[in-house]
Amino acid sequence: IDPTLTSRRLVRMVTMILVCAAFVLMSWHARRYQNVIRPIITLMLLGSIIFGLAFPALAIHQETSAELIGAWRGLANHKNGLGALACFGLILWFHAWVSGEVKTLRALAGGGIAITCLLLSRSSTSLSVALFVMLVLWVLLRSQQGFRPYIPYLIALLMTLVLIYALAILNLIPGMGTLLAPITALTGKDMTLTGRTEIWAIMAEHIRYHPLLGTGYGAYWTPAPTPGTDAYEFVLRMGGFYPGSAHNGYLEVLNDLGWAGLLCLLAYIVMHLWQSHQLLGIDRSQGALYLGLFFQQALTNLSETHWFSVLSVDFVIMTLATMV
């Protein structure tokens, strides 16, 4: 529906993929991924804290909506962006400590910066996801030898739970909300995930007009709400509100690329899980890290749009992990 916008997004995507390919092919060693990514994210988080203390009017949301009052965005453009970076930072520092890559004091310093930003961002999703992934990393790296044959079943169980939760929040399984009440209580959100269900309902209507191949990669959401475009429907039906994304990575792929694209995403997920599981037998620490990062993305994309999104730093971090 917007070939020019799709072309620009594809140029970005190809550029990022080529850079990630070069990154893993040149000057490579087994720990290079986290040794490069972890300091950059930590520097960004530390900079966000300093920026917030020096220029609070710029680093802290000034909007009056309940979910944004007092929430920090730091050097990111939104509190959810800062929360996502802090989530990555906490996972990477916890992995470095539990795998013995760094000393406890250094891990506490880096992890402390990440936790501070995570709490200041008030992103309950990022906080709950970080805690979940840390638990997964602990089980993968510190479990007894006799438990390890059951790891594949654990991974399959976790993916099944993610799938059930995805179906529930998209309201595709009536009555599933009762079973998921403990999860929503933990994250501090209701089953609408802060009003996202109305967004998903409008998206689902649009998907029905182009179910097989979608309307083009990155073409649906124009940079600004423009009358006459497909996405302007949100402005008309949500009282002038323009979400800018589907707030669900799986639904975004389905809208842009249809069922063909969603099947490709599912194939990518299966392959990533399979290769990470193989890597566990060669380098347990690295295999656990890539599994942890995958689960972080699988869960985050239930309420945010990051799969294949060149506007999100999550795409760069995950593409690098995939190339490794």
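Leaving aside neighbours within four places in sequence, Y250 is in contact (heavy atoms within 4.5 Å) with V162, L262, L265, I269, A298, N301, L302 and W307. The model is predicted, so local features need pLDDT of at least 70 and side-chain atom pairs count only at pLDDT 80 or more, while totals for chains, interfaces and linings use all residues. Residues are numbered from 1 along each chain as its sequence is written, and side-chain values use heavy atoms, with hydrogens and water left out.

Y250 sits in helix α11 (residues 249–280); helices are DSSP runs of H or I, at least four residues, numbered from the N terminus. With a relative accessible area of 14%, Y250 is buried (under 20%; exposed is over 50%, partly exposed in between, with a 1.4 Å probe and protein chains only).

On to the rings: the whole structure holds 15 aromatic pairs (Phe, Tyr or six-membered Trp rings with centres within 6.5 Å; planes under 30 degrees apart are stacked, over 60 edge-to-face, the rest tilted). One of them, F23 with W28, has centres 6.3 Å apart and planes at 70 degrees, so the pair is edge-to-face. F23 is buried at 15%, whereas W28 is partly exposed at 33%. Y268 and W307 also pair edge-to-face, at 6.0 Å centre to centre and 80 degrees between the planes. Y268 lies in helix α11 and W307 in the loop between α12 (284–300) and α13 (313–323), so this pair ties together parts 39 residues apart in sequence. Both Y268 and W307 are buried. Ring pairs also gather F132, Y250, Y268, F294, F295, W307 and F308 into a cluster.

Key: Helix = DSSP H or I, 4+ residues; strand = E, 2+ residues; numbered from the N terminus.
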